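Good morning, everyone, and thank you for making the time. I would like to walk you through one model today, so please have the sequence and the coordinates open as I speak.

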Amino acid sequence: KPAVLVASQKLAGKTFVFTGKIEKLDSAGKRYTRDVMQELVLENGGAVMDDVKNGTTHLVQADPLSQSNKTQKAAKLGVH
């Protein structure tokens, strides 16, 4: 992938982990996939990781009722 240009620092200091098949439509019908969401995090100064660990600040999941390993580990670490 090409380097991501940082547009803002709104998410600086925040680290995101994504889990599940993530796809969301906004009110205008624009589709947001996991890749698009991850790119938005990077463009706004945040970091994206593959696994939940110390330092993870946010878990973005397709199913809020999921009991996946990532969800369980995030809960133990107090990640929202």
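This is a predicted model: local features need pLDDT of at least 70, side-chain atom pairs count only at pLDDT 80 or more; totals for chains, interfaces and linings use all residues.

Let me begin with a side chain: Arg31 is partly exposed, with a relative accessible area of 48%, where partly exposed covers the range between buried, under 20% relative accessible area, and exposed, over 50%, computed with a 1.4 Å probe on protein chains only. Residues are numbered from 1 along each chain as its sequence is written, and side-chain values use heavy atoms, with hydrogens and water left out.

What does Arg31 form a salt bridge with? The partner is Glu23, and the closest N and O atoms are 2.2 Å apart; a salt bridge here is a side-chain nitrogen of Lys or Arg within 4 Å of a carboxyl oxygen of Asp or Glu. Glu23 also counts as partly exposed, at 43% relative accessibility, and the structure holds one salt bridge.

Now to the sheet, which is open and has three strands in the order β4-β1-β5, with parallel pairing. For the terms, helices (H or I, at least four residues) and strands (E, at least two) are DSSP runs numbered from the N terminus, and two strands pair if DSSP finds at least two bridges between them. Because β4 (47-49) and β5 (58-61) stand at the edges with a single partner strand each, one side of each is left without a neighbour in the sheet. From one strand to the next the twist averages 30°, with axes taken as lines fitted to C-alpha atoms, for helices over the stretch in contact, and angles running from 0 to 180 degrees between N-to-C directions.

Strand β1, residues 15-19, is joined to β4 by three bridges and to β5 by four, and it runs parallel to β5. Phe16 stands opposite Val48 in β4, and its bridge partner in β5 is His58. In a regular strand the side chains alternate between the two faces of the sheet. Are the faces of β1 covered or uncovered? Both are covered, with Thr15, Val17 and Thr19 buried on one side and Phe16 and Phe18 buried on the other.

Thr15, at 11% relative accessibility, counts as buried. Leaving aside residues up to four places away in sequence, Thr15 touches Ala47, Met49, Gly55, Thr56, Thr57 and His58, where contact means heavy atoms within 4.5 Å. Val48 and Thr15 are 33 residues apart in sequence and 5.7 Å apart in space, C-alpha to C-alpha.

Turning to the helices, α2 (residues 69-77) lies across β1 and β5 and runs at about 150° to β5. In α1, the residues Met37, Gln38 and Val41 are buried. They cover an arc of only 100° around the axis, which puts them on the same side of α1, the arc being that of the directions from the helix axis to the C-beta atoms. The buried residues of α1 pack against β1, β2 (23-25), β3 (31-33) and β4. Just after α1, Gly45 takes a positive phi of about 85°.

Asp26 is partly exposed, with a relative accessible area of 28%, and the side chain of Asp26 reaches the backbone nitrogen of Lys30 at 2.8 Å. Asp26 and Lys73 are 47 residues apart in sequence and 29 Å apart in space, again C-alpha to C-alpha.

Terms used
A polar contact is a pair of N or O atoms within 3.5 Å; within protein, one must be able to donate a hydrogen and the other to accept it, and residues adjacent in sequence count only if both atoms are side-chain atoms.
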